[in-house]
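Visitor: Hello! I am new to this structure and would like to learn how to read it step by step. Could we look at it together?

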Amino acid sequence: MTHAHQNLLGEPPATLLPGDPEAEAALAAGTDPAEVAAGHPRASAAWAALAEAALADGRTIEAYAYARTGYHRGLDALRKNGWRGHGPVPWSHEPNRGFLRCVTVLARAAEAIGETDEQERCTQLLRDCDPSLAP
């Protein structure tokens, strides 16, 4: 008799970050992301905005640095909110997007400078967090 093996513990619940309403409001109002990052250094969304602008301007190393900062701030927030290094971090939850945007820019900047291992690691992290984000 063959029994199918199943994970009785299942996947961990999705991690939903609480967000930073002040930082998000400032960004939405058009405040310079550098000013928002200085006033709210834990807000990954501010770092993501800086990283995306730098990447769009061809300032790849700056993009990489901003994205890495936002990525680490996001990891801190995820861990503080119960994430243990795996499990869903859905894009559909708006406060998660700053972290996920940082991981995306970090992957692109790493690819641009030939840091293949980092690019692959970030792409896998995106797939693990929300499969819809990375093909």
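Visitor: Let me start with one residue. Which residues does alanine 49 touch, not counting residues up to four places away in sequence?

Guide: Welcome! One thing to keep in mind as we go is that this is a predicted model. Leaving aside residues up to four places away in sequence, alanine 49 touches Pro33 and Arg101. You will find alanine 49 in helix H3. Alanine 49 counts as buried because its relative accessible area is 17%, and buried means under 20%.

Visitor: How far is alanine 49 from glutamate 62 in space, C-alpha to C-alpha?

Guide: The two are 12 Å apart in space, while 13 residues separate alanine 49 and glutamate 62 in sequence.

Visitor: Let me step back to the whole chain. How many helices and strands does the chain have?

Guide: There are six helices and zero strands. Reading from the N terminus, the order is α-α-α-α-α-α. Along the principal axes, the C-alpha atoms fill a box of roughly 65 × 35 × 20 Å. The chain has 135 residues, of which 37% count as buried.

Visitor: What share of the contacts with a separation of 6 or more comes from residues 24 or more positions apart?

Guide: That share is 60%.

Visitor: Now for pairs of helices. How are two packed helices described?

Guide: The general idea is to give the angle between their axes and the distance between the axes. Here, take helix H4 (residues 60-80) and helix H5 (residues 97-112): they pack at an angle of about 145 degrees, with axes 8 Å apart. Their crossing is left-handed. On the H4 side, the residues in contact include Ala63, Tyr71 and Leu78, and on the H5 side they include Phe99, Cys102 and Ala109.

Visitor: How do the residues of that contact divide into nonpolar, polar and charged?

Guide: Between H4 and H5, the contact has 14 nonpolar residues, three polar and one charged.

Visitor: Let me turn to aromatic rings. How many aromatic pairs does a search of the whole structure find?

Guide: The search finds two. To read a pair, look at the distance between the ring centres and the angle between the ring planes. For tryptophan 47 and tyrosine 66, the centres are 6.2 Å apart and the planes stand at 35 degrees, so this pair is tilted. The pair links distant parts of the chain, with tryptophan 47 in helix H3 (residues 44-56) and tyrosine 66 in helix H4, 19 residues apart.

Visitor: What about the rings of tyrosine 71 and phenylalanine 99: are they stacked or tilted?

Guide: Their planes are at 20 degrees and their centres 6.1 Å apart, so tyrosine 71 and phenylalanine 99 are stacked. Tyrosine 71 belongs to helix H4 and phenylalanine 99 to helix H5, 28 residues apart. Tyrosine 71 is buried, with 7% relative accessibility, and phenylalanine 99 is buried too, with a relative accessible area of 1%.

Visitor: Next, the cysteines. How many disulfides does the structure hold?

Guide: The structure holds zero. The way to check is to look at the distance between sulfur atoms, with a cut-off of 2.5 Å. For cysteine 102, the closest cysteine sulfur is in cysteine 122, 10 Å away, which is too far for a bond. Cysteine 102 counts as buried, at 0% relative accessibility. Cysteine 129 is in no disulfide either, and its nearest cysteine sulfur, in cysteine 122, is 10 Å away. Cysteine 129 is also buried, at 2% relative accessibility.

Visitor: Could we end with two more residues? Where is threonine 15 found?

Guide: Threonine 15 is in the segment before helix H1 (21-28). With a relative accessibility of 5%, threonine 15 counts as buried. Not counting residues up to four places away in sequence, threonine 15 touches several residues, among them Leu78, Trp83 and Pro88.

Visitor: And which residues does arginine 121 touch, not counting residues up to four places away in sequence?

Guide: With those sequence neighbours left out, arginine 121 touches Arg68 and Tyr71. Arginine 121 is in helix H6 (residues 116-129) and is partly exposed, at 36% relative accessibility.

Technical notes: Residues numbered from 1 in each chain as written. Predicted model: local features only at pLDDT ≥ 70, side-chain atom pairs only at ≥ 80, totals over all residues. Heavy atoms only, no water. Axes fitted to C-alpha atoms, helices over the stretch in contact; angles between N-to-C directions. Helix = DSSP H or I, 4+ residues; strand = E, 2+ residues; numbered from the N terminus. Left-handed = near helix turned anticlockwise from the far one by under 90°. Contact = heavy atoms within 4.5 Å. Nonpolar A, V, L, I, M, F, W, Y, C, P; charged D, E, K, R; others polar. Phe/Tyr/Trp six-rings, centres within 6.5 Å; stacked < 30°, edge-to-face > 60°. Buried < 20%, exposed > 50% of the residue type's maximum accessible area, 1.4 Å probe, protein only.
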